[in-house]
Every structure is written in C-alpha cells, then in structure tokens.
Amino acid sequence: MDITEYRRVIRQLLGDYRFHHSICVSEAAVELAKVYGADPEKAQMAGTLHDVMKDIPHDEQMEKMREYNIHLTTEEQYAPKLWHAILGEAYLRNVLGIIDPEILGAVRYHTTGKAGMTLMEQIVFTADFISADRTYDGVEKFRKTAKKNLTQVMHQELAYTIAKLAKDGVPIHPDTLAAYNEISIQIISQKKG
Ligand code: DGI
Ligand code: FE
Ligand code: FE
C-alpha cells in the first residue's frame with residue numbers, strides 16, 4: 001500500500017475534523033523529517049496513520065483490543081484516550097500489513113512517548129503537537145522550537161502534557177513520565193558538561 005491508499009483508509013475511518021488533522025500531522029512530520037534527517041516518506045505514512053483508530057467508539061476499541069489479544073495495564077484501563085495509539089499500532093500490523101518498526105513505533109508512542117524514543121517517534125509526537133490545525137495557547141512557541149531543537153521541544157511538550165493531566169486529575173502513564181525524566185536529565189547533564 002502507498003500513501004494514496006493510506007489516505008483512503010483514514011478517509012473511511014475518520015470524521016472530517018480528524019481526517020484534516022491527520023493530513024496536517026503528516027505534513028508537519030514531513031517538514032520535521034527534512035530538518036532532522038529522517039525518511040520523509042515514512043514520516044508522511046506514520047503521520048497519516050497515527051490517529052487511525054481515534055474516531056472508533058471506546059467500547060468498540062475495547063472489543064478490537066480483545067480481538068488482538070492486547071492486555072492493558074491498570075493506568076491504560078483508566079485512560080481511554082490512550083487506547084487509539086495502542087490499538088492503532090495493532091491495526092497497522094494486523095489489518096494494513098505494515099511491518100516497518102519505525103512507522104509502528106511512531107504510531108504506538110505518539111500519545112504517551114516513552115524513554116528511548118527513536119527520531120521518527122519524536123518527529124510524529126512533535127508533529128501531532130504543532131500541526132497546522134492546532135490552535136492552543138503556546139503552539140507558536142512549540143512550532144519555533146521544533147524547527148531548532150527536537151530534544152528541547154520534546155521536553156517542553158512532555159512538561160506541558162504532564163502539567164495538563166495533573167491539573168485535570170487523570171492518571172499519568174509511566175511511559176509519559178519516563179520520557180519526561182529521561183529528557184530532562186539529558187538536558188541538565190548537557191548544561192553541566
Ligand atoms: O489524538 P490526538 O488528540 O491528536 O492527540 P494525542 O494522541 O496526543 O491524545 C491526546 C490526549 O491523550 C489528551 O486528551 C491527553 C491524553 N493523554 C496523553 N497522555 C496521557 C493522556 N491521558 C492520560 N490519562 N494519561 C496520559 O499519560
Ligand atoms: Fe492521537
Ligand atoms: Fe493526533
């Protein structure tokens with residue numbers, strides 16, 4: 001399958017807004033891939049597909065996860081917004097036949113992040129934050145930093161996410177915390193060194 005077919009797949013599975021968002025994320029991912037020396041075609045595919053399961057109702061997402069033998073941790077059971085990334089990766093493998101680990105990883109970790117993220121995982125995570133459809137306060141600052149320093153913008157995005165989740169009083173996934181801790185330690189040690 002190529003990008004045209006992936007667009008057709010998401011056009012069928014997503015509502016108008018989410019479809020538009022996915023195209024914007026794929027465009028942002030291509031730009032970042034060019035800046036940071038990743039494969040733009042893979043970035044485009046991962047960006048296009050990252051939210052492929054997002055508009056499926058939560059009860060149906062749960063059903064599909066059972067079908068694919070996905071076992072959720074307690075934090076994941078209580079955070080339904082994380083499901084589309086976990087299920088999305090399984091859908092790419094099981095239904096679309098995608099085996100490329102760069103694309104699978106980028107979809108799997110686009111919501112939480114994790115420790116030891118690959119370049120492609122960081123690119124899609126950041127593209128999801130700065131895509132043209134995003135309008136939240138502070139997005140312009142993230143867009144500027146994203147062009148200059150990927151580690152820096154990842155740090156800021158993870159801090160922003162964790163602060164918002166804590167403010168909302170919802171569980172924070174250990175992968176999100178691990179991603180944040182790893183990058184903050186990396187930045188502090190660079191400053192010292
Ligand atoms: O799918 P998008 O809306 O484009 O973006 P996303 O996949 O980053 O999902 C963002 C949502 O996921 C947002 O409402 C916050 C939520 N989220 C991200 N990390 C965590 C989380 N929710 C919980 N409970 N715990 C997390 O660690
Ligand atoms: Fe998402
Ligand atoms: Fe998204």
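**View 1. His21 (NE2), His50 (NE2), Asp51 (OD) and Asp128 (OD) coordinate the iron ion (ligand 3) at 2.2 to 2.3 Å.** Here we look at a predicted model, in which local features need pLDDT of at least 70, side-chain atom pairs count only at pLDDT 80 or more, and totals for chains, interfaces and linings use all residues. Residues are numbered from 1 along each chain as its sequence is written, chains are lettered from A and ligands numbered from 1 in the order in which they are written, and side-chain values use heavy atoms, with hydrogens and water left out. Donors are N, O and S atoms within 2.8 Å of the metal (3.2 Å for Na, K and Ca); water is not among the atoms, so sites may look incomplete. Along the chain, the donors of this ion follow the spacing H-x28-H-D-x76-D. Asp51 sits in the loop between α3 and α4 and Asp128 in helix α8, so this pair ties together parts that are 77 residues apart in sequence. Helices (H or I, at least four residues) and strands (E, at least two) are DSSP runs, numbered from the N terminus.

**View 2. Asp51 bridges the iron ion (ligand 2) and the iron ion (ligand 3).** The two ions lie 3.6 Å apart. Asp51, in the loop between α3 (40-49) and α4 (58-67), and His84, in helix α6 (residues 83-94), link distant parts of the chain, 33 residues apart. Like Asp51, His84 is buried.

**View 3. The largest pocket holds about 890 Å³ of space.** On a 1 Å grid over the protein atoms alone, a pocket is an open set of points where a 1.4 Å probe fits, with protein on both sides within 12 Å along at least five of seven lines; lining residues have an atom within 4 Å of a point. Grid points are joined across faces, edges and corners, and a volume is the space filled by probe spheres set on the points. Of the 27 lining residues, Lys54, Lys81, Thr111, Thr161 and Leu165 lie nearest the centre. Helix α10 gives the most to this lining, with 5 residues.

**View 4. Ala28, Glu31, Leu32, Val35, Ile130, Arg143 and Lys147 line the second largest pocket.** This pocket has about 180 Å³ of space. Helix α2 brings the largest share of the lining, 4 residues.

Terms used
Buried < 20%, exposed > 50% of the residue type's maximum accessible area, 1.4 Å probe, protein only.
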